[in-house]
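Please have the sequence and the coordinates open while reading.

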Amino acid sequence: MDTAAESAALNAEIVEMLYANNRRSLMAAIVVMAALLLTQLQLVNATILIIWSVIFLSAYGSRGYLTFKYYRDQRREQHSQRWLRWFRFNTGFCGLAWGLAGILLFPEAAPANQAFLIFALVGVSGAGIIVYSVDSLTTNLFTGGILAFMIPRFLTHGTSVSIALAVLFIVYVIYVSVAGHALAKSLRENISLRIASNLDNKKVHQLAFYDFLTALPNRRLLSDRLQQAFVRCARGQCYGVVLSLDLNNFKGLNDSMGHPAGDELLQQVAARLQQCLRKKDTIARMGGDEFIAVLDELGCDKAEAIMAAQVAAEKMMAVFSQPFQLQQSKYRTTPSIGICLFHGDDDNEEEVLRRADIAMYQAKKSDNLNSIQMYDELLHPAIEMRATLENDLAFALQGDQLSLYFQVQMDDSHLPKGAEVLLRWQHPTLGMIPPDQFIPIAEETGEIVPIGQWVLQQACQQLKQWAAMPLTRSLTLSVNVSAVQFNQPDFVQMVSDVVLHSGCDPQLLQLELTESLMVRNVEEIIIKIQALKVLGMTFSLDDFGTGQSSLSVLKRLPLDELKIDKSFIKEIQHNTYDSFIVETIINMAKNLGQTVIAEGVEVQQQQALLQTMGCRLFQGYLYSRPLPLGEFEAGLTGLRAEAQTRTQAKTAPKTRAKTKTADT
């Protein structure tokens, strides 16, 4: 046999064949026993007949009981080796009983009865050899018991006729044994071929309808089961439910412990989920770390069905309460579960699965990671939009849909100091997509990495071009860096390559980091910042005041600038709390040797108040909204002219005062 599965299947079928013949062989044995007793009744002592009858009935009675127990065993295929051992032992006992007949029922003075006895035993032996031929050891035990007792008796105490019969019996047994062996070989080969064919068919079926890793139903079988559930629910006018389960941070496990650990986790999750659902329910693996459960006939009342669905989801959630054992270490994970109810009448498979997936996505986005969410029609448009943006964003860069806008940054002399580079997405059908909609999607999907590199390349090329123009040669550019982008292992190398390849002045490039980055490995952050500062570029902490960075962390970071978040600037004239926070940030930055820039400055009064607090750099709609490159460059001339006008207006009264004094 080629595989252990085929060998086990062959053994199970052989044992089944042996036990299947027990009823017929038992009836035949009783008939032969009765015939022997009748023919030898007048020639053999009654006590001997009774003794042999007891031995015979014990042997075949135990066979009947053994057969009864065998068919009561619901898992007899798994226990085939044990049942085969018992059958062999019993067959040897039966052979012994027939062999004793050759001794105990042998009539010394009646050749005709001797001949009948030997013919009876020949028939029993031949039948046994044929019936037990599929297992050679069983055959040998049966015939060996007969020959061991009968032949010596016939050879030593019989007549010449009985001796001749005994010799013929030996020849017959040998011949039938050889023929039985050939028959057994042919029979086993045929069984093996049939089993191999069945196993191949099972393998094809398994590959077609079951997941190779978890052995759960796959998408194809799930589709069939879901259609059946629709039919049953429609016929019974009851509700069913689809539950979509997705593991949280599964990618992190694969990245940290490797894909074998991820596969092991999926197998254990599959086993636990199977145990927590009803036998008639379906749990399938859709791919990756997503599982789908289909439960039907939950009740005719909608509220009752929703309650049953919640209970099922909570059971699925509960199986994650205990840690998983992965590669000699314990691992904990939590799922997010989405629920979609169906009634079966007008439900569409694709739509039901889609709604369950939408609900699961909402659960994943909630504050509670291990959450359960029921599908809500009101959330559908927003989820549809997000799915569209997520799909289209993957092609935005190569489709030239992304562009850079520039928002000017001013100093306290009202002169442009530089600009912040802002990313914009002009969707081909949806128009301009706000950054707060697509940037989070880009970070979640990882698209922010190639997009961030493209933004940096464009900014460096722009600095190189500006270096040739007197109006722009001293301007700085601030480029936002996502935490996802910064945490890439090759971030420092990537930035260095881009800057050096562009030929721009690194001292005019500023990278803006977010406070969310500061809660990670501070030592690694410091190493990366210092490595890039060697090239001459500076670093700013964006949206300061809204994150979680502590003073102890802040003072260790080699930052050059703090950018005060616009939420504190908006009410700075009227809210003393915001005013106090802003002034505190400015004083703290001075003590740390860092400059401060305030974003979101919209009115002159805000700038004036910030200046009195010691802030010297500003950004906001007071000066300019974010503009495309052409408009930004055109606006620089106006800003410088306005600054010159302000300067002249301030010096004009002093000039008139000097002239008046001279006239006097």
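The sections below cover the basis of the model, its salt bridges and its cysteines.

## Basis of the model

The structure is a predicted model, in which local features need pLDDT of at least 70 and side-chain atom pairs count only at pLDDT 80 or more, whereas totals for chains, interfaces and linings use all residues. Residues are numbered from 1 along each chain as its sequence is written, and side-chain values use heavy atoms, with hydrogens and water left out.

## Salt bridges

A salt bridge is taken here as a side-chain nitrogen of Lys or Arg within 4 Å of a carboxyl oxygen of Asp or Glu, and by this rule the model contains 19 salt bridges.

Glutamate 444 and arginine 386 form a salt bridge with an N to O distance of 2.3 Å. Because glutamate 444 belongs to helix α14 (residues 435–445) and arginine 386 to helix α13 (residues 380–396), the pair ties together parts that are 58 residues apart in sequence; helices are DSSP runs of H or I with at least four residues, strands are runs of E with at least two, and both are numbered from the N terminus. Glutamate 444 is partly exposed at 45% relative accessible area, while arginine 386 is buried at 13%.

## Further charged pairs

Lysine 417 and glutamate 561 are also joined by a salt bridge, their closest N and O atoms lying 3.9 Å apart. Lysine 417 is in strand β9 (residues 416–427) and glutamate 561 is in strand β14 (residues 561–564), so this pair ties together parts that are 144 residues apart in sequence. The lysine 417 side of the pair is partly exposed, with a relative accessible area of 22%, whereas glutamate 561 is buried at 2% relative accessibility.

In another pair, arginine 82 makes a salt bridge with aspartate 73, with 3.7 Å between the closest N and O atoms. Arginine 82 is partly exposed at 38% relative accessible area, and aspartate 73 is buried at 13% relative accessibility.

## Cysteines

With a disulfide defined as a pair of cysteine sulfur atoms within 2.5 Å, a search of the whole structure finds 0 disulfides. Cysteine 460 is accordingly in no disulfide, and the nearest cysteine sulfur, that of cysteine 504, is 4.0 Å away. Cysteine 460 is buried at 0% relative accessibility, and cysteine 615 is likewise buried at 0%.

Conventions. Buried < 20%, exposed > 50% of the residue type's maximum accessible area, 1.4 Å probe, protein only.
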